[in-house]
Amino acid sequence: VETGALRQLTDDVRNDWNPAWSPDGRWVVFDSDRGGQPDLWVVASEGGPARRVTSDLAAEGPASWSPDGRTVVYAPTSTRVSIDVIPADGGTARTLVGLDGYSANAIAVSPDGRTALYVSNRSGNPDIWSVSLAGGEPTSFAASPVFDGDPQWSPDGSQVAFTSSRSGTADLWVMPAAGGEPPRLTDWPSDEGGARWSPDGSTISFTSTRDATQPEVWSIPATGGEARRITRTNVSAQEVRWAQDGRT
């Protein structure tokens, strides 16, 4: 970050994508088809040989780390059979949720490592579901007759921000982790989404086209209030990430 210098982390003739930092920053899990199909691999953030984590017949999707960095949670993208948990250093995967042919994506593990939220169409349209990482039946977390998705835990695990079109356009909503009626955080005729919490939980960044032709980055207090535009590039902003110090 200090110098802006780029360092190549993986170098293979096949494709690598969907990188995600481990909680301690020492590892990066990513998708790669270097083994012949999309599987999960892990590489040290300082570089070196990558280690294959999954090697079954399914094509794996993006992975989410457990807070202790010992396991990753993922959903196969081709077979739509289950959401699985596997040790980050490889081994036997454990089925967390059977999907019975329904889709699953946007998996988010709670900061205490006890619960995973995910988006599924098992009720007929995309809704947010909750399941214990210890196992058990999933329960509905946020549901409406239209789209609910992209759940994001607050740093202390007490709230979840998500995108919903229940108001007619895609807006940001925040729900207590224990459940209840979610208050609407943004209210604008254009679509908004991609909520990401600042490290201290005081601010939520998001993307919006509210006064630009392309999605730009905005931020808003997590308790509600006036949104502030962060970028002015007129180049489509796809996804936002905070630095650990919360300053950028």
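Let's start with an open sheet of three strands, ordered β13-β14-β15 and paired in the antiparallel sense. Its edge strands, β13 (148-153) and β15 (171-176), each pair on one side only. Strands here are DSSP runs of E with at least two residues, numbered from the N terminus, and two strands pair if DSSP finds at least two bridges between them. Strand β14 (residues 159-164) and β15 are joined by six bridges, with Q159 opposite P176 in β15.

This is a predicted model, where local features need pLDDT of at least 70 and side-chain atom pairs count only at pLDDT 80 or more, while totals for chains, interfaces and linings use all residues. Residues are numbered from 1 along each chain as its sequence is written, and side-chain values use heavy atoms, leaving out hydrogens and water.

On to the charged pairs. The structure holds 10 salt bridges, each a side-chain nitrogen of Lys or Arg within 4 Å of a carboxyl oxygen of Asp or Glu. Among them are these:

| Pair | N to O distance |
|---|---|
| D33 and R14 | 3.8 Å |
| R34 and D16 | 2.7 Å |
| E216 and R229 | 3.3 Å |

E216 lies in strand β18 (residues 216-221) and R229 in strand β19 (residues 228-229), 13 residues apart. E216 is buried at 1% relative accessibility, and R229 is buried at 15%. Buried means under 20% relative accessible area, exposed over 50%, and partly exposed in between (1.4 Å probe, protein chains only). D33 is also buried, at 13%, whereas R14 is partly exposed at 37%. Elsewhere, salt bridges with shared partners join D171, R184 and D187 into one network.

How values were computed: Helices (H or I, at least four residues) and strands (E, at least two) are DSSP runs, numbered from the N terminus.
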